[in-house]
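Subject: Structure handover

Hi,

Here is the structure I promised to pass on to you. Please open it first, and then read my notes below.

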Amino acid sequence: MLTSSQEAVLRFAKAIGWADLAGFLRENLQLCCCSTALLLAASVCPYLVPKQAVKPLQNSFITIAFPLVGVSAALDALIDIAAGKVNIHVLMALAAFASVFMGNSLEGGLLLAMFNLAHIAEEYFTSRSMVDVKELKDSHPDFALVVEVKGDALPHLSDLAYKQVPLHDLEVGSYVLVRAGESVPVDGEVLQGRATITIEHLTGEAKPLEMKVGDRIPGGARNLDGMMIVKATKTWNESTLSRIVQLTEEAHLNKPKLQRWLDEFGERYSKVVVVLSLAVAILGPFLFKWPFIGTSVCRGSVYRALGLMVAASPCALAVAPLAYATAISACASKGILLKGGHVLDALASCNTIAFDKTGTLTTGELMCKAIEPIHGHQVEVDRSKVACCCIPSCEKEALAVAAAMEKGTTHPIGRAVVGHSMGKDLPSVSLENFECLPGRGLFATLIGIESGARSGELLKASLGSVEYIASLCKSEDESKKIKEAVSTSAYGSDFVHAALAVNKKVVTLFHFEDKPRPGVASVIAEIKDHAKLRVMMLTGDHESSAWRVANAVGISEVYSSLKPEDKLNQVKNISRDMGGGLIMVGDGINDAPALAAATVGIVLAQRASATAIAVADVLLLQDNISGVPFCIAKARQTTSLVKQSVALALSCIVFAALPSVLGFLPLWLTVLLHEGGTLVVCLNSIRALNNPTWSWKQDFQHMLDGFKASIAMLLRRPPTSSTIQAASI
């Protein structure tokens with residue numbers, strides 16, 4: 001790998017026709033690296049390299065390697081100086097060329113060669129932090145195979161005509177052919193065919209999924225076998241894969257506070273280092289009686305100043321925040337999108353976490369279990385003699401009215417009502433003046449119902465929570481009767497409830513069942529036991545149904561019957577009273593205000609609205625909350641690694657700078673210590689790619705388990721043929 005300036009030199013050589021020179025330089029860069037290693041070995045321990053080999057190495061290094069690395073260093077330094085910057089490239093170039101002018105060409109060449117080698121390694125480690133995004137960008141196709149359709153009927157899979165359309169020109173509603181081994185270009189719905197797909201590279205879900213007609217499929221999913229025709233439901237810019245790439249790249253650009261401070265500090269610090277180095281060079285002979293240039297007995301002040309310039313340069317500090325970029329990519333590989341490194345700092349500072357209930361802790365797929373008349377209905381003595389008791393006359397008419405009002409809504413209760421009405425013989429209902437009241441319910445005027453109402457009579461229907469319907473009653477006594485009927489229902493009070501009121505007199509109660517998501521209890525236990533966070537539930541559902549789910553998943557603090565504005569106020573109050581930060585986890589339907597007010601907002605991206613995605617800080621691409629503990633652990637791991645890296649960087653600067661100024665270290669060894677410290681910082685930052693743990697004890701246990709596994713593998717390895725022959729002898 002070459003640096004940018006070395007690549008520029010090679011491109012320039014090719015552009016002017018010196019292709020042979022370009023090849024010569026590229027080939028001899030390896031010679032430069034080998035010569036550097038051998039000369040370092042000869043300097044550290046003369047016995048490692050024969051004396052007769054050192055002189056030719058020095059000559060080849062000075063004549064070939066030094067010009068190569070020197071040209072690139074000069075270009076980098078000139079570009080930075082022209083831009084008004086004084087950074088590590090400028091400091092190293094000044095130190096190297098000053099060594100040459102002092103007659104130490106070999107030492108100056110070694111300085112630049114080691115600096116280039118160290119930065120090649122740093123670029124490699126930095127590229128590791130972006131590898132997931134690069135793989136995603138390279139995995140999507142450039143074209144989509146759009147099926148040509150005549151009329152409304154799709155052709156059979158065995159007889160298709162299609163054309164290639166550029167991915168960015170693909171329109172919503174297009175029919176796309178996806179063959180085995182290809183990637184789904186955009187989000188869509190399977191219309192024909194079956195296939196097995198994998199989305200591990202998108203969400204971290206390792207298990208292959210079976211896709212059939214009617215299933216939704218995300219853009220970027222890889223078709224392992226089979227053939228499908230997919231109807232595009234989103235454009236490329238709105239598809240899952242594009243959103244992952246875009247958000248991850250933006251996250252790398254959204255630098256955390258520490259990284260921004262280090263960037264600003266680095267330039268000022270570099271200027272201070274130059275001033276201090278000049279001061280050492282000029283004042284050293286007067287204050288400490290050092291020679292200015294140097295002798296065989298004592299290193300000169302200029303030489304010591306160059307050592308200070310190299311040792312105190314902020315290279316290691318500049319790469320200390322690399323752990324943030326690495327952690328963002330590690331989260332992306334698990335299907336977790338962070339909107340910047342600052343989110344990791346915020347997550348690590350939080351001490352409270354609040355969960356929405358419906359769709360977050362539960363499946364969100366409510367099922368209507370029963371429909372019960374509870375108030376204002378006529379008492380039937382003999383149901384066979386009474387065709388209808390009132391308006392709505394019975395469960396069928398109540399279901400018909402509720403389904404008509406909920407048709408087209410996205411709320412889980414609305415989907416459950418509409419789903420329960422499918423396939424049933426219900427009277428037809430016509431609505432007008434439909435109105436949605438967020439956090440309360442629905443209101444509509446019925447202008448037609450097949451039975452039960454007198455001709456031309458308008459009925460006013462309200463559908464919503466029990467509290468909302470009870471508040472519509474004309475008297476307090478009537479409101480109490482409705483609440484008592486709910487609490488004494490024969491079906492119990494643990495279900496999710498919604499009530500339908502017609503003309504504020506006749507009330508019908510709908511009972512819904514919402515089951516906790518599989519594995520939620522273990523997630524909550526991990527957050528409480530290992531992360532040591534205060535866990536609570538914020539929900540708009542009734543108290544009884546909220547506590548039913550809370551008890552099932554292990555949450556002991558519940559706030560129920562909350563409207564969206566109540567959730568917002570609750571988040572603000574808890575953050576103010578408890579101190580520290582608060583994490584809000586929701587599905588994004590009614591949680592957008594609370595998500596925006598929380599220190600960190602986490603949403604399930606598959607369910608979230610555009611508003612919730614815009615205000616959230618973390619997007620979970622998997623449709624569950626199993627990624628929440630991983631996020632918290634990764635944030636704590638990353639902030640710890642960044643602190644360690646800053647401490648390592650400062651230690652390297654101190655331990656290399658002081659001996660250099662005192663004249664104990666040669667310049668090449670100063671560079672080796674400085675760049676070695678930078679590589680140690682890089683290696684420490686790359687640890688953010690590892691799965692996080694909750695304590696150093698777990699880290700040690702994992703390392704011990706890995707060591708035991710390696711030993712066991714070595715012991716189980718079958719003997720080689722040479723070992724068998726030796727044993728037979």
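Strand β13 (residues 459–464) and β14 pair in the antiparallel sense over four bridges, where pairing requires at least two DSSP bridges between two strands. Helices (H or I, at least four residues) and strands (E, at least two) are DSSP runs, numbered from the N terminus. Before I go on: this is a predicted model, so local features need pLDDT of at least 70 and side-chain atom pairs count only at pLDDT 80 or more, while totals for chains, interfaces and linings use all residues. Residues are numbered from 1 along each chain as its sequence is written, and side-chain values use heavy atoms, with hydrogens and water left out.

Back to the strands. A499 stands opposite L509 in β15. Three residues lie between β14 and β15 in their hairpin, and N503 in the turn has a positive phi of about 55°.

How covered is β14? Seven of the seven residues in this strand (496–502) are buried, meaning under 20% relative accessible area, with exposed over 50% and partly exposed in between (1.4 Å probe, protein chains only). In a regular strand, side chains alternate between the two faces of the sheet. Here V496, A498, L500 and V502 point one way, while H497, A499 and A501 point the other way.

Helix α16 (residues 412–421) has P412, I413, G414, A416, V417 and S421 as its buried residues. These pack against α14 (357–361), β10 (367–375), α15 (395–406), β14 and β15. After α16 comes G423, with a positive phi near 80°.

The whole structure holds two aromatic pairs (Phe, Tyr and Trp rings, the six-membered one for Trp, with centres within 6.5 Å; planes under 30 degrees apart are stacked, over 60 edge-to-face, the rest tilted). F288 and W290 are stacked, at 4.8 Å centre to centre and 20° between the planes. F288 counts as exposed because its relative accessibility is 51%, whereas W290, at 14%, counts as buried. The rings of F510 and F512 are also stacked, since their centres are 6.3 Å apart and their planes at 10°. Both F510 and F512 are buried.

Best wishes

Conventions
Contact = heavy atoms within 4.5 Å.
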